[in-house]
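User: Hi! Could you walk me through how some of the helices and strands pack in this one?
Analyst: Happy to, let's bring it up.

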Amino acid sequence: MKRLDGKVAVITGGASGIGLGTVLRLVEDGASVVVADVNYEAAQQVVEDITKDGGQAIAVKVDVSVEAEVKDMIEAAVKTYGRLDILHNNAAWGPINDKEIPDMDVEMWDRVMGINLRGPMLGCKYAIPEMIKIGGGTIINTASANGKVGDYERTAYSASKAGLMSLTRSVATQHGKDNIRCNSILPGLILTPATKRKFSKELMELMEEGNLLPSIGGPEDIAALVSFLVSDEGKYITGQEINCDGGVLVRAGAGAIMKYVRDRQN
Ligand SMILES: NC(=O)c1ccc[n+]([C@@H]2O[C@H](COP(=O)([O-])OP(=O)(O)OC[C@H]3O[C@@H](n4cnc5c(N)ncnc54)[C@H](O)[C@@H]3O)[C@@H](O)[C@H]2O)c1
């Protein structure tokens, strides 16, 4: 008997990076999975690989900022597998022109909020009634360590992730008695196509040094946490913000800079 046998999961942004890692882990745990992504071809490829190996999965094309598409995504899960137990709101956008507030491109701000915050809210809006029908469920929101700190850039992205943590607490509060749990996971730097695309080798090395552990995490580290939280082993955990970040948030920033300078002087 596998941990998630008989469970049905929808994972947004499931065709790449952290979402893909979660898809593969939940299939391994026995769940039937909806790989929901704006990149339909990539989602189809993931499903092809899973079903070839005997796993249960379907691909759904969705832009999570569009209400009708999110509704269809949840309906596709229920129509195909008869129920919905798990929703992982994971898709997000972190544009490179998300800098300081005086230079803010307001359309970009709205689009970030649309994907990163309205998207998960819509996912919850349509998933919760389905979960209530079967006596409960669990929701994971991929937030970010950036949602907890101030930064010199990523202004809209960070605000959206802080909002997502608030959404998590509201869902946990409003639907705990429906046996629906909702938690935020806060990744630090995770090696995915997005981070490989965005960060230079030098920046990556610097960030690796800022990490308390010897190496940078991968999607499988987040997936392992999702697997635990959505299983019965996580049944007393709700409304929480769980860092999975190599410890990067716990060290004092000034201390890290002083060590960096000292190491280079010696
Ligand atoms: N990788 C990191 O270091 C890191 C750190 C903190 C938080 N996160 C968060 O983890 C999540 C996944 O990031 P990743 O690094 O795996 O990214 P990624 O780019 O590798 O994957 C993101 C996936 O989401 C899909 N997507 C984008 N916009 C969408 C939309 N509007 N509707 C549906 N699908 C959409 C993309 O097609 C892609 O398949 C995001 O929420 C991100 O903010 C990542």
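**Helix and strand packing**

Analyst: Let's begin with a helix pair: the crossing of α3 and α4 is right-handed. Keep in mind that this is a predicted model.

User: Thanks! At what angle do α3 and α4 pack, and how far apart are their axes?
Analyst: The angle is about 30°, and the axes of α3 (residues 67-81) and α4 are 9 Å apart. That makes the two helices roughly parallel, because angles under 35 degrees count as such.

User: Which residues of α3 and α4 meet?
Analyst: From α3 you have E67, V70, K71, I74 and V78, and they meet L122, G123, K125, Y126, A127 and E130 of α4. By class, this contact has six nonpolar, one polar and four charged residues.

User: Ok, on to α4 and α5. How do their axes cross?
Analyst: The axes of α4 (residues 106-133) and α5 come within 9 Å, with a crossing angle of roughly 15°. So α4 is roughly parallel to α5.

User: And is that crossing left-handed or right-handed?
Analyst: Right-handed, for α4 and α5.

User: Which residues of α4 and α5 meet there?
Analyst: On the α4 side they include M108, W109, V112, M113, I128 and I132. Among their α5 counterparts are T155, A156, Y157, L164, L167, V171 and H175. The contact of α4 with α5 divides into 16 nonpolar, five polar and one charged residues.

User: I'm curious about H175. Where does H175 lie?
Analyst: H175 is in helix α5, which covers residues 155-175.

User: Is H175 buried or exposed?
Analyst: Buried: the relative accessible area of H175 is 17%, and the cut-off for buried is under 20%.

User: What is H175 in contact with, leaving aside its neighbours within four places in sequence?
Analyst: With those neighbours left aside, H175 is in contact with I128, I132 and I180. I128 and I132 also belong to the α4 residues that meet α5.

User: Changing topic: how many residues of β5 are buried?
Analyst: Six of the six residues in β5 (residues 137-142) are buried, so the strand is mostly covered.

User: Which β5 residues point which way?
Analyst: G137, I139 and N141 point one way, while T138, I140 and T142 point the other way. Residues on both sides are buried.

User: Last one: how many bridges join β4 to β5?
Analyst: Four bridges join β4 (residues 86-89) to β5, and the two strands run parallel. Within this pairing, I86 stands opposite T138 in β5.

Methods. Residues are numbered from 1 along each chain as its sequence is written. This is a predicted model: local features need pLDDT of at least 70, side-chain atom pairs count only at pLDDT 80 or more; totals for chains, interfaces and linings use all residues. Side-chain values use heavy atoms; hydrogens and water are left out. Buried means under 20% relative accessible area, exposed over 50%, partly exposed in between (1.4 Å probe, protein chains only). Contact means heavy atoms within 4.5 Å. Axes are lines fitted to C-alpha atoms, for helices over the stretch in contact, and angles run from 0 to 180 degrees between N-to-C directions. Angles under 35 degrees count as roughly parallel, over 145 as roughly antiparallel, 65 to 115 as roughly perpendicular and the rest as oblique. A crossing is left-handed if the near helix is turned anticlockwise from the far one by less than a right angle, and right-handed if clockwise. Ala, Val, Leu, Ile, Met, Phe, Trp, Tyr, Cys and Pro count as nonpolar, Asp, Glu, Lys and Arg as charged, and the others, Gly among them, as polar. Two strands pair if DSSP finds at least two bridges between them.
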